Amino acid sequence: MKTSLSVALICLLALALASCQIVSGDFYRLRSGQTVSGPLMVSGGSSILEPGSRVTGSLWVSGGSVQANGSIDGDVRITGGSINFGSSAVVLGKVELTGGSVNISDGASVPPVQYNIFRLPAPIQAYVDSI
């Protein structure tokens with residue numbers, strides 16, 4: 001049973017990440033006027049979202065650092081690493097911190113940070129809740 005559950009969780013995670021743009025270990029810049037359609041995952045490295053840039057999905061930070069000055073339509077989830085919301089940053093969803101650090105500059109439109117002990121990605125959590 002545990003093996004079947006593990007395989008199912010891995011498959012669900014793969015499906016969730018298939019539509020996700022992933023940045024790993026490099027420098028990444030989302031320029032003003034550019035849009036990432038869907039979620040963006042930053043895993044290591046350094047990333048900058050310039051003022052006027054947009055992520056239409058959620059932003060996941062798993063290690064590394066992000067300077068967010070653009071708009072994020074979904075949630076921001078930080079599980080290690082750091083994020084700095086500049087004065088022009090806009091987050092329409094929640095900001096959840098499981099580990100790492102968050103800095104919010106004056107003028108940023110960012111909701112209060114929610115601190116979590118541990119959270120699975122939504123598709124996997126939904127599957128776990130259903131069994």
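**View 1. The whole chain and its contacts.** Residues 24 or more positions apart supply 10% of the chain's contacts that have a separation of 6 or more. What's shown here is a predicted model, with two helices and 13 strands in the chain. Of the 131 residues, 37% are buried. The chain exposes about 6,800 Å², and 57% of that comes from carbon and sulfur atoms.

**View 2. Strand E10 and how well it is covered.** Here we zoom in on residues 76-85, which make up strand E10. This strand is mostly covered, with seven of its ten residues buried.

**View 3. E10 with E7 and E8.** Strand E7 (residues 59-61) runs parallel to E10, and three bridges join the two. Look for Leu59, whose bridge partner in E10 is Val76. Strand E8 (residues 65-68) is also parallel to E10, joined by four bridges. In this pairing, Gln67 has Asn84 of E10 as its bridge partner.

**View 4. E10 with E12.** Next up is strand E12 (residues 95-104), parallel to E10 and linked to E10 by eight bridges.

**View 5. Glu50, a loop residue.** Glu50 lies in the loop that connects strand E5 (46-49) with strand E6 (54-55). Is Glu50 buried or exposed? Its relative accessibility is 16%, so Glu50 counts as buried, since the cut-off for buried is under 20%. Leaving aside residues up to four places away in sequence, Glu50 touches Arg29, Leu30, Arg31 and Ser32, along with Asn69 and Gly70.

Technical notes: Residues are numbered from 1 along each chain as its sequence is written. This is a predicted model: local features need pLDDT of at least 70, side-chain atom pairs count only at pLDDT 80 or more; totals for chains, interfaces and linings use all residues. Side-chain values use heavy atoms; hydrogens and water are left out. Buried means under 20% relative accessible area, exposed over 50%, partly exposed in between (1.4 Å probe, protein chains only). Contact means heavy atoms within 4.5 Å. Accessible areas come from the Shrake-Rupley method with a 1.4 Å probe; for residues, only the protein chains shown count as cover. Two strands pair if DSSP finds at least two bridges between them.
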